[in-house]
Amino acid sequence: DHRNGEPADETELAIDGALRPTSLAEFVGQQKVRGQLQLLLDAARIQQRSPDHILLSGPPGLGKTTLAMIVAHESGRPLRLSSGPAIQHAGDLAALLSSLTPGEVLFIDEVHRMARAAEEMLYLAMEDFRIDIMVGKGAGATSIPLDLAPFTLVGATTRSGLLPNPLRDRFGFTAHLEYYDPAELEQVIERSAVMLGVTLPSAARGEIARRSRGTPRIANRLLRRVRDYVIVHGGAEGEADIATVGAALDLYDVDAIGLDRLDRSVLEALVRRFRGGPVGLNTLAVTVGEESETIESVVEPYLVRIGFMGRTPRGRIATPEAYAHLRIPHAEDALR
Ligand code: ADP
């Protein structure tokens, strides 16, 4: 779903790929995580072994897939890409694991959405590079042990809270990716603008950065829309000034602080339908016609982070800042 920072289609996926940094040095921001990963990779290289399993958590578009690719690239190992929803049976995972070449990096996106039986098979695989394959049914069923080539699992999840503890414990290193600040997003945009051939004065970069919801994937996408706008409407030597940026992004319903249509409809439902809450997540999701998983992993973390939404034991609430942004008088203000 393109609204939540995921690639919209194959073309965007390809462009996402073209804009991906291939080394830790080129990866913008997340300084702490970068340092930790660097040490992990260096130690593995010195000892000539596979790096430990790595778990990356955080909202979509913050660089989890990119980091998995960098881990493979920097350690000179092949990379295999898979995802939790594609692993619906233990057999799917057995086939995948037994086909890995020695030292391969296996990336499993949305690792929290794997089938339960596969999850249990993964515990043993991660720990001992071994799986037990069940053959037959009922009383005649037996398990056949199978040795695997050593591999490095890089798991990604938007919801680390949904991972069972035994799985989480088997990752040697866990990193939580944070939203990027505008200065970091400006760096991402500067780099991508060169690759896309767009000329952007610093003020225009800042404007895109402010509207990118703290997310590099969104920054890159907005930059492409600005590029389109310049191609169609022209500009002084194909340069996108701040007014061009504003016009292009307004056209795509990205507001002055980067909230998109879904962010705003969640806030408006919270404020208008539920008088600011508290309201349960599922009720809120139904009201705006979206999956509660999307609300919880994509919309809510950003609204909480910018202080527009709060979580209480009784449900979600809108803060006075949310009312102010929507220009809706706050009940307490009205009483004053
Ligand atoms: P995720 O897997 O977390 O959803 P991706 O790794 O697919 O996110 O990143 C989405 C896009 O954002 C990619 O095109 C990538 O190039 C860009 N990107 C993400 N993080 C960074 C970063 N730290 N520096 C530069 N580009 C980034």
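1. Angles under 35 degrees count as roughly parallel, over 145 as roughly antiparallel, 65 to 115 as roughly perpendicular, and the rest as oblique. This model is predicted: local features need pLDDT of at least 70, side-chain atom pairs count only at pLDDT 80 or more, and totals for chains, interfaces and linings use all residues. Residue numbers start from 1 along each chain as its sequence is written.

2. Helix α12 spans residues 281-288, and helix α13 spans residues 292-305. Their axes lie 8 Å apart, at an angle of about 105 degrees. The two helices, α12 and α13, are therefore roughly perpendicular to each other. From α12, the contact uses Leu 281, Asn 282, Leu 284 and Ala 285. From α13, it uses Ser 292, Ile 295 and Glu 296. Contact here means C-beta atoms, placed from the backbone, within 7 Å.

3. Two arginines carry a UniProt annotation. The unreviewed entry marks Arg 311 and Arg 316 as "binding site". Such annotations may be inferred rather than shown by experiment.

4. Arg 311 sits in strand β8 (residues 309-312). The cut-offs: buried at 20 or more other C-beta atoms within 10 Å, exposed at 12 or fewer, partly exposed in between. Leaving aside neighbours within four places in sequence, Arg 311 contacts Val 304 and Arg 316.

5. Arg 316 belongs to strand β9 (residues 315-318). Arg 316 has 24 C-beta neighbours inside 10 Å, so it counts as buried. Leaving aside neighbours within four places in sequence, its contacts include Leu 281, Leu 284 and Arg 311.

Definitions and conventions:
Axes are lines fitted to C-alpha atoms, for helices over the stretch in contact, and angles run from 0 to 180 degrees between N-to-C directions. Helices (H or I, at least four residues) and strands (E, at least two) are DSSP runs, numbered from the N terminus. Two residues are in contact if their C-beta atoms, placed from the backbone, lie within 7 Å.
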